[in-house]
Amino acid sequence: VSRKILFITTDQQRYDTLGANGGTLSRTPVLDRLASEGIRYERAQPTSVVCMPSRSSMLTGQFPSTHGAWMNGVPLAIDAPSVAESLHDAGYATALIGKAHFEPFMDPFGLYAENALANLGIPTIEQDWFDGRRGVHRGFDYLEFATHGVMGALHYAKWMNEQHPEAIRSFYQVVDREFNVNAAGGGDTDAPQVKFNAVPREWYHTDWVADRTIRWLEEQAADQDWFCWMSFPDPHHPWDPPKSEIGRVPWRDVALPVNYPQSASERESLLDQKARHWRAWYDGRLVSNYEAPAKWVPATMTADQVREVNALNAVEVELIDEAIGRVLASIERKGWGDDVDVIFTSDHGELQGDFGLLFKGPYHVDGLMRLPLIWRPARSTAPQPSVVHTPVSLVSLAATFLDIAGQPAPVWVEGAALPVDDQDASQRSFDATFTEWDSSFFGIDVHLRSVVTSEFLYTRYQPGTTHDGSEGELYDLTDDPLQRVNRFDDPAMTAVRATLSERLDDHELRPGERATPGVLMAPV
Amino acid sequence: MSIDDTLRHFAYRITAAPYTFHLGVIDVIEIATNDSLCVYSTTALPDTLALLIAGGTVGALDQIQRLAESSRVAS
């Protein structure tokens with residue numbers, strides 16, 4: 001019996017938001033059960049801490065410096081390699097339902113297929129493929145898109161505008177009149193990107209993504225192999241879950257995050273140990289990227305705002321868990337329960353109060369880089385539950401899907417299939433992951449390269465507008481799991497730094513064909 | 001919009017939302033026989049949307065180069 005694949009992603013979800021990972025704020029029984037039945041990864045890292053490069057790595061099995069979509073707003077080449085194309089060739093029905101984001105959302109000139117399909121009313125479109133053939137868009141037979149809220153031309157926004165126009169104004173306005181990420185506050189604490197949303201739960205995008213996935217699955221023949229990427233836009237900001245649900249996690253009862261320094265002096269002291277752009281952003285002296293509100297100054301954030309954001313984030317995580325439960329139940333009803341591999345992860349994390357910061361940017365610490373990753377192999381394979389402590393990268397997902405499908409990994413894949421336990425990881429030399437950041441935003445250029453091992457997190461800053469190439473960060477993950485003490489200049493760490501620097505050099509010089517870096521076409 | 005064949009100058013505006021201001025100018029400057037420099041400059045508001053123009057300009061310059069070079073071969 002061949003194995004079907006349900007690939008579930010969320011957007012901007014931290015490792016510690018799941019009960020299986022020790023989280024206590026959200027109740028996530030569905031994902032916790034998958035973790036207990038399968039493989040839970042203790043240190044899963046993205047190739048990038050923003051959406052488009054990270055998601056493109058999931059699809060291509062390549063690092064951003066290879067696939068060329070180096071930052072949000074840089075479209076992945078239409079003929080980039082795609083694991084969905086390989087699965088399609090292997091006879092799999094292929095679908096992506098929810099948030100794709102391989103192409104920019106801001107698209108006033110109508111350049112991108114992702115933004116056109118809803119209006120065209122067709123499930124996919126023929127495009128050039130990596131190997132010179134033409135086929136369905138990036139290998140997907142069926143595409144139905146959603147993003148954060150109800151803006152834009154995607155399927156969910158169109159559905160809301162057609163079916164429930166009265167609820168449109170209930171959502172938070174994600175961008176302001178100048179098309180910057182909106183800094184406007186809401187909720188009880190006036191926290192940025194927060195709003196009480198009167199939309200009924202069943203119309204919210206989390207349930208919509210699950211509903212559309214269930215519908216697609218029900219249309220498949222019982223003996224059809226399939227690969228379904230179900231991609232929830234939450235718990236990415238805005239934090240505007242249905243108001244009917246926010247009583248689940250009363251924000252006044254929420255403890256402050258363990259890595260939120262409560263006094264301004266402590267926050268500033270911690271930030272001053274890091275590369276200079278951390279403190280500059282906190283103080284409102286630097287905006288290096290589009291992903292946080294340009295007009296919001298982190299230093300103004302209050303403890304109560306952190307509590308409220310974390311509470312609403314937890315509500316969104318619970319809604320996702322319940323939506324996944326509905327999809328899994330539909331799979332059981334179809335009789336596929338033993339034949340489906342389920343893989344769950346997120347594209348990157350969220351600072352959520354760590355170091356007094358919110359949102360994301362060029363900040364390579366666990367808040368953004370340590371992700372939930374669960375693989376529940378098909379029950380028909382009699383999987384042995386395990387916990388993998390070795391660092392693994394989401395660049396391994398494409399090879400993992402192909403391995404599940406019994407297909408060889410093509411030459412363009414840069415990551416080997418995920419290990420099933422630490423012994424497997426050791427035997428196949430998994431020992432480090434790499435994360436890249438390259439941004440160029442209104443003349444502010446920032447370039448980071450990070451390597452994570454079981455013991456250390458090391459970031460090297462390449463020369464840019466803000467950094468001269470001499471700065472870096474080195475954290476001992478054993479003694480300093482919160483990454484508060486930067487040991488980059490510690491003489492006792494000279495040898496460690498040299499070794500990790502060599503690993504970064506090796507990553508930069510790795511063999512293989514690279515795509516021409518794409519052009520920044522939009523802010524996001 | 002204005003076109004000046006003598007000066008090899010083209011200027012245009014986008015007057016539709018979401019732009020609150022836009023002015024695009026393309027100048028072609030002859031720097032040698034069969035060799036020209038094309039300058040495409042744009043001013044746009046709001047700032048964020050200028051990024052969209054900047055991205056589109058790269059493709060436009062590529063297309064202008066292709067057109068110019070193909071017409072040179074043809075002639």
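These legends walk you through a few close-up views of a predicted model. Local features need pLDDT of at least 70 and side-chain atom pairs count only at pLDDT 80 or more, while totals for chains, interfaces and linings use all residues; side-chain values use heavy atoms, without hydrogens and water. Residues are numbered from 1 along each chain as its sequence is written, with chains lettered from A and ligands numbered from 1 in the order in which they are written.

View 1. Helices (H or I, at least four residues) and strands (E, at least two) are DSSP runs, numbered from the N terminus. Along the sequence, the pattern reads β-β-β-β-α. Of the 75 residues in chain B, 23% are buried (under 20% relative accessible area, 1.4 Å probe, protein chains only).

**View 2. Strand S11(A), residues 340-346, is largely enclosed by the rest of the structure, because 7 of its 7 residues are buried.** On one side you will find Val340(A), Val342(A), Phe344(A) and Ser346(A). Asp341(A), Ile343(A) and Thr345(A) lie on the other. In a regular strand, side chains alternate between the two faces of the sheet.

**View 3. Here are the partners of S11(A) in strands S1(A) and S12(A).** Two strands pair if DSSP finds at least two bridges between them. S1(A), residues 4-11, runs parallel to S11(A) and is joined to it by 7 bridges; Leu6(A) has Val342(A) as its bridge partner. S12(A), residues 373-376, runs antiparallel to S11(A), with 4 bridges, and Leu373(A) stands opposite Thr345(A).

Technical notes
Buried < 20%, exposed > 50% of the residue type's maximum accessible area, 1.4 Å probe, protein only.
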